[in-house]
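Trainee: Hi! Could we go through this one together? I'd like to pick it apart bit by bit.
Mentor: Happy to, let's get it on the screen.

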Amino acid sequence: DFDANGVMPSAVAVIDTARDAIVRVIDTGPIPKFLAASPDGRWLAVVHWGDNTVGLIDVSTDSPADFRRAGLITVGRRLSLAGAEEVDRDRYCGYCLRGAVFTADSRHLLVGRMGGGGRRIRPASVR
């Protein structure tokens with residue numbers, strides 16, 4: 001309840017399932033809604049519902065300690081989160097980025113929008 005409308009950065013945890021333990025926490029953008037791993041094992045894409053971005057994490061190493069954020073892709077335009085604390089983020093979510101998949105050759109990432117994503121913009125009063 002401290003971040004009811006998802007305006008603060010978030011994180012994903014890397015879990016060693018054999019040990020049932022968190023081995024690394026990697027910060028992300030607001031509301032990481034979906035993760036997609038590339039078939040070649042090099043990239044993890046983190047789709048951020050909160051601001052129309054996709055974070056890329058280089059996971060090509062065997063050690064989670066060496067995973068690194070490699071870039072941030074903006075889909076359309078990056079939403080400003082200023083004033084969004086008072087906005088229904090489910091209704092006004094920009095492009096409402098929801099899912100993603102890499103092509104078989106790991107060269108392209110396809111990012112999906114939910115429903116009418118793209119028509120949902122913030123009311124002028126909070127821009």
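Trainee: Which backbone atom does the side chain of Thr 28 reach?
Mentor: The Thr 28 side chain reaches the backbone nitrogen of Ala 11, at 3.4 Å. Keep in mind that this is a predicted model.

Trainee: Okay. And where is the place of Thr 28?
Mentor: Thr 28 belongs to strand β2.

Trainee: Is Thr 28 buried or exposed, and why?
Mentor: Thr 28 counts as buried because its relative accessibility is 11%, and the cut-off for buried is under 20%.

Trainee: What is Thr 28 in contact with, leaving aside its neighbours within four places in sequence?
Mentor: With those neighbours left out, Thr 28 is in contact with Pro 9, Ser 10, Ala 11, Val 12, Val 46 and His 48.

Trainee: Nice. Which elements give two or more residues to the lining?
Mentor: Those are β2 (21–28), β4 (43–48), β5 (53–58) and β6 (68–74). β5 gives the most, with four residues.

Trainee: How do the lining residues divide by type?
Mentor: The lining of the largest pocket has six nonpolar, six polar and four charged residues.

Trainee: Which other residues have a positive phi without being glycine?
Mentor: Asn 52 has a positive phi of about 65°, and Cys 96 has a positive phi of about 55°. Neither of these two is a glycine.

Trainee: Where are they found?
Mentor: Asn 52 is in the loop between β4 and β5, and Cys 96 lies in the loop between β6 and β7 (97–102). Asn 52 counts as buried because its relative accessibility is 1%. Cys 96 counts as buried too, at 0%.

Trainee: What about Asp 51, where does that lie?
Mentor: Asp 51 lies in the loop between β4 and β5. Asp 51 is buried, with a relative accessible area of 2%.

Trainee: What does the side chain of Asp 51 make a polar contact with?
Mentor: The Asp 51 side chain makes a polar contact with the side chain of Thr 53, at 2.5 Å. Leaving aside neighbours within four places in sequence, Asp 51 is in contact with Pro 30, Arg 77, Arg 78, Leu 79 and Leu 81.

Trainee: New topic: Ala 4. Buried or exposed?
Mentor: Exposed: Ala 4 has a relative accessible area of 69%. Ala 4 is found in the segment before β1. The C-alpha atoms of Ala 4 and Glu 85 are separated by 7.5 Å, although the two residues are 81 residues apart along the chain.

Trainee: Last one, zooming out. How many helices and strands does the chain have?
Mentor: Zero helices and eight strands. Buried residues make up 36% of the 127 residues in the chain.

Methods: Residues numbered from 1 in each chain as written. Predicted model: local features only at pLDDT ≥ 70, side-chain atom pairs only at ≥ 80, totals over all residues. Heavy atoms only, no water. Nonpolar A, V, L, I, M, F, W, Y, C, P; charged D, E, K, R; others polar. Buried < 20%, exposed > 50% of the residue type's maximum accessible area, 1.4 Å probe, protein only. Polar contact = N/O pair within 3.5 Å; in protein donor to acceptor, adjacent residues only side chain to side chain. Contact = heavy atoms within 4.5 Å.
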